[in-house]
Amino acid sequence: MIKPISKQIISYLSISCILLLMLSCKKNTKSHNENLVFRYNEHKNIGSLDPAFSKDIADIWATNQLFNGLVQMDEQLNVQPCISKSWTISEDALTYSFLLRNDVYFHKDPLFGKDSTRTVTANDFQYSLNRLIDKQIASPGSWVFDKVEGFKAVNDTLFQIQLKQPFPAFLGLLTMKYCSVVPKEIVEHYGSDFRSHPIGTGPFQFKRWEENIKLVFRKNPNYFEIDKQGKKLPYLEAVSVTFLPDKQSEFLQFAQGNIDFVSGLDASYKDEILTANGQLRDLYKNEVNMIRGPYLNTEYLAFYLDSEVSEIQSELIRKAVNYGFDRKKMMIYLRNGVGIPATGGFIPKGLPGYNETIGYNYQPEKAKQLISQFKKETGIKSPEISITTTGNYLSFCEYIQRELQKMGLIVNVDVIPAATLKDAKANGKLNLFRASWVADYPDAENYLSLYYSKNFAPNGPNYSHFKNADFDKWYEEAFTITDTKKREVLYAKMDSLVMQKAPVVVMFYDEVVRFTRKNVKGLGINPINLLELKQVEKN
C-alpha cells in the first residue's frame, strides 16, 4: 500500500513538481455517473441554505442551484423572465405587475401532503418577500425593499409590487437570491432550521449537508426551464461541494482531477498556472480551460475631501496621483495581467454606463507639472501624502508609492487590519485609503451613490465626502428616467464629472477568472460571478 505524501514532504517539494506528477500519472478511470456530477470546493464554508440569508458569494452559489425568483439575469446582465413570464410597469413607475407561470413546482417533501409538492402561486411570493422584511427574521437582504410600499397577490398568477418612489434599478434588485420564492408551510415547520432543510424550485434539490465537510444536491426532475432546443434542464445529475479551507489545497485537488472548477486567482498558485501576461502555462493547456471576463468590482484609492491636509484638498495633487503611475504595468507585475487597468471612470467595465475614455492614463510629465504647480501655489516644498491599506493590497500601494516618488511627491504607506480600516474610513479618520466597491445590484446607480452628498459616511457609502450640486441634481434626476439608454448616458455624464474632480484614484476593474477541466462545457461567465450550473455538461 502506498502511503500518502506527508505534509512535511509536501512543504519541501515545489508545487510544480507535485502537480506535474498528478497530471502525468492521472488515468481516465471516471465512470459515467461521475461525469454527471459537478464537483467544486468552497473554501469559505456556507452559512445558510435559506435564500433570505444569501449575503456572501458562497451562500449565493449554493442557493442559486436550489431557488428561483420572479426574474433572473443573463450573462450580459439583462433582466430575463424566470417564474414570472412577463411584467408591466405603470406609467408613474410605481406599480410592477408580474404574470406568473402556472407550471412551477416546489421540490418534493412529505410536508406538502398527498402529492408531496404543489405549484407556486402569487401568494407564495407575497409570503416570501414579506418574510424578507420581517424584523424577527433579521434578513441581511431586507434593504432590497426599502423603496417598496407593499406586495399584493391579485390572484394565483398575478403578483404586484408597489413602490414608494420610482427606482429604475428595481428589476435588477429582484434578481438577487434574497428575493427567491419559498413555501410557507415548509419554512414555518422548520423555523430557523430551514437553513439546512431548504425546499425551493431550482434546477437542483437538496440531498445532504455535513457542515464544513460535504454538501450534495440532486437533479430536480420537475424543473420548469428548457434549453433553446427544447431539452429539459438541468443536464447534470448532481452537484457535490467540498470544504477544504485553503486555496492551495483546493488547487491541488483541481490539478489532480478531483474537482471540476476553481474560481479566482490566488497568490499560492497564480504563477504556477499563468504566465506573467496572464496566459495558461504549457503544463495545463491540454487539461484546463481558462474563462475570464469583467467583474463588477472597482479597486481604488479614495481621498477624504473634508481633510485639513493641503495635499488632500488640492485637485492638483489628486490629479497628479491619477496621472503618476502606469496601471497596465502594475497589473502585469502584480496580477499576471488579470484585471483591467482603469482608464475609465468609477463605473466598471461590464456595466452599462461605463466609458473607457473619461479616466486617467499614465502621463508622468503631466504629474510632475501638477506637483510643481502645487509647490509654487502653496509654498510647500516637499508635498507628502499617506496611503492606508490592508496587508492584501500592500504590493499595489508600494508600487504606486515608488512611481509617485519619482514625480516629486513623498508617499508613506500605512498597513492596518481590515476591520480597523473599515471603521476609520467610515468615520473620516483617514486622508487617503485603499478600498473596493463590488456591486450589490447590477446598475451603475450603485456605484454613483458613493458620490451623492446625502450619502456621507458613516450614514452612507460616500466615504470621500464628495459634494457637487450638479452631480446631486443629475443623481436625483436618474431615478425618474425609465428609458434604460437615456439613463446610461446620464450615468456616464455623472461619472465623467467625478473623474474631473478626482476624489478617487481608480486603479483597476477586477476580472472573474475561472479554471475548468476540459470535459466541462457550458459553464460560462458573468460580471457578478454567479455560479450557474443548469446548462453545464460533462463528457
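## Reading buried places and helix contacts

Colleague: Before we start, what kind of model is this, and which residues does Ile161 touch?

Modeller: Setting aside residues up to four places away in sequence, Ile161 touches Leu70, Leu94, Thr95, Tyr96, Phe98, Leu129, Val148, Gly150, Phe151, Phe170 and Leu174. Please keep in mind that the model is predicted.

Colleague: Which residues have the most contacts inside the largest nonpolar core?

Modeller: That core has 146 residues, and those with the most contacts inside it are Phe98, Phe145, Ile161, Phe170, Leu174, Phe346 and Phe471.

Colleague: How should I read burial for one residue; is Ala238, for example, buried or exposed?

Modeller: A residue counts as buried when its relative accessible area is under 20%. Ala238 has a relative accessible area of 7%, and is therefore buried. Its place is in strand β10, which covers residues 238–242, and, leaving aside neighbours within four places in sequence, Ala238 is in contact with Leu36, Val37, Phe38, Phe204, Phe217 and Arg218. The C-alpha atoms of Ala238 and Arg39 are separated by 8.7 Å, although these residues are 199 residues apart along the chain.

Colleague: Where is Tyr463 placed, and what does it touch?

Modeller: Tyr463 is in the loop between α16 (445–448) and α17, and at 17% relative accessibility it counts as buried. Not counting residues up to four places away in sequence, Tyr463 touches Tyr300, Tyr304, Lys425, Ala426, Phe433, Trp437, Leu450 and Ala457.

Colleague: Why is helix α3 described as largely enclosed by the rest of the structure?

Modeller: Helix α3 (residues 57–66) is largely enclosed because 9 of its 10 residues are buried, and among the buried ones are Ala58, Trp61, Asn64 and Leu66. What covers the buried residues of α3 includes strands β1 (37–41), β8 (204–210), β9 (214–219), β11 (261–263) and β17 (504–517).

Colleague: How do I read a pair of helices, and at what angle do the axes of α17 and α18 cross?

Modeller: Angles over 145 degrees count as roughly antiparallel. The axes of α17 (residues 469–478) and α18 (residues 484–501) come within 10 Å and cross at roughly 160°, which means that α17 is roughly antiparallel to α18. The crossing of α17 and α18 is left-handed.

Colleague: Which residues of α17 and α18 meet?

Modeller: From α17, Asp470, Phe471, Trp474, Tyr475, Glu477 and Ala478 meet Arg487, Leu490, Tyr491, Lys493, Met494, Leu497 and Val498 of α18. The residues of this contact divide into 9 nonpolar, no polar and 4 charged.

Conventions:
Residues numbered from 1 in each chain as written. Predicted model: local features only at pLDDT ≥ 70, side-chain atom pairs only at ≥ 80, totals over all residues. Heavy atoms only, no water. Core = buried A, V, L, I, M, F, W, Y, C linked by side-chain atoms within 4.5 Å. Buried < 20%, exposed > 50% of the residue type's maximum accessible area, 1.4 Å probe, protein only. Contact = heavy atoms within 4.5 Å. Helix = DSSP H or I, 4+ residues; strand = E, 2+ residues; numbered from the N terminus. Axes fitted to C-alpha atoms, helices over the stretch in contact; angles between N-to-C directions. Parallel < 35°, antiparallel > 145°, perpendicular 65-115°, else oblique. Left-handed = near helix turned anticlockwise from the far one by under 90°. Nonpolar A, V, L, I, M, F, W, Y, C, P; charged D, E, K, R; others polar.
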